Amino acid sequence: MAYDKFEILKTTAVPLPIENVDTDQIIPARFLKATERKGFGDNLFRDWRYNTDNSPKEQFVLNNPIYKGKILVGGKNFGSGSSREHAAWAIYDYGFRCVVSSFFADIFRGNCLNIGVLPVQVSAEFLNEIFKAIEADPNTEFEVNLQEQSFIIIATGATEKFEINDYKKDNLLNGFDDIDYLLSMEEEIQAYAQNTPL
């Protein structure tokens, strides 16, 4: 498997209520030299997390120990800018399995789905509810149910459904990337090839 199966995620969340977060802010261009999906989490939001002397910026949310969890909650238009897939790699490598926003850039959304990060797009009103729940209690938990395509604020029971492509949903449920999906159909492909005249 390319990554762990995504079924039901129950966890706290990290709030980043900033709109128009682009891929260069998620992972600055100077960290794009590697070709393997390893080590990018160290530089997630690098210029927001660290000063030029590499000391942590205390006010940035990832440096605040009261916030933790496998869900990153961002503002509207998350993942805009260049198409670099390293932005999704950095989010996954840091430990996030789900990103929530009221709007995602299409290429960023696709890059996330390809590596096991679930982008959950909700309404602006529901996103505001999520931020308020975290502000009221940083330890509040959320449940992301991929099979049911629902995001739940457990403390209040507030729920909103989200959309996802059926093919990508199936891949996430199985922990497949595109290559894994093809390999899972190897017998069917071979049978088709044997029974199809040239």
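How many helices and strands does the secondary structure of the protein come to? The count is eight helices and eight strands. The model described here is predicted.

## Overall make-up

The protein has 198 residues, and buried residues make up 46% of them. Among contacts with a separation of 6 or more, 65% are accounted for by residues 24 or more positions apart.

## The parallel sheet

Four strands form an open sheet in the order β2-β3-β4-β5, and the pairing is parallel. At the edges are β2 (13–16) and β5 (118–121), each of which pairs on one side only. From one strand to the next, the twist averages 20°. In general, the strands of a sheet pair through backbone hydrogen bonds, either parallel or antiparallel.

Pro15 has Val73, in β3, as its bridge partner. Across β2, β3 and β4 (98–101) lies helix α5 (residues 124–136), which runs at about 120° to β3.

## Helix α3 and its surroundings

Which residues of α3 are buried? They are His86, Ala87, Ala88, Trp89, Ala90 and Ile91. These buried residues of α3 pack against α1, β4 and α4 (106–115). After α3 comes Gly95, which has a positive phi, near 125°.

## Aromatic pairs

Searching the whole structure gives 10 aromatic pairs. One of them is formed by Phe40 and Trp89: the ring centres are 5.4 Å apart and the planes are at 65°, so the pair is edge-to-face, the class for planes over 60 degrees apart. Phe40 and Trp89 are both buried.

The pair of Phe142 and Phe151 is tilted, with 5.6 Å from centre to centre and 35° between the planes. Phe142 and Phe151 are likewise both buried. Elsewhere, Phe45, Trp48 and Phe60 are linked into a cluster by ring pairs. A ring also takes part in a contact with a charge: the charged end of Arg46 sits over the ring of Tyr50, at 4.3 Å from the ring centre.

## Cysteines

How many disulfides does a search of the whole structure find? The search finds zero. Cys98 is in no disulfide, and the nearest cysteine sulfur to it belongs to Cys112, 9.5 Å away.

Cys98 is buried, with a relative accessible area of 0%. Cys112 is also buried, and its relative accessible area is 0%.

Terms used. Residues are numbered from 1 along each chain as its sequence is written. This is a predicted model: local features need pLDDT of at least 70, side-chain atom pairs count only at pLDDT 80 or more; totals for chains, interfaces and linings use all residues. Side-chain values use heavy atoms; hydrogens and water are left out. Rings of Phe, Tyr and Trp (its six-membered ring) pair if their centres lie within 6.5 Å; planes under 30 degrees apart count as stacked, over 60 as edge-to-face and the rest as tilted. Buried means under 20% relative accessible area, exposed over 50%, partly exposed in between (1.4 Å probe, protein chains only). A charge sits over a ring if NZ of Lys or CZ of Arg is within 6 Å of the ring centre and within 35 degrees of the ring normal. A disulfide is a pair of cysteine sulfur atoms within 2.5 Å. Two strands pair if DSSP finds at least two bridges between them. Helices (H or I, at least four residues) and strands (E, at least two) are DSSP runs, numbered from the N terminus. Axes are lines fitted to C-alpha atoms, for helices over the stretch in contact, and angles run from 0 to 180 degrees between N-to-C directions. Contact means heavy atoms within 4.5 Å.
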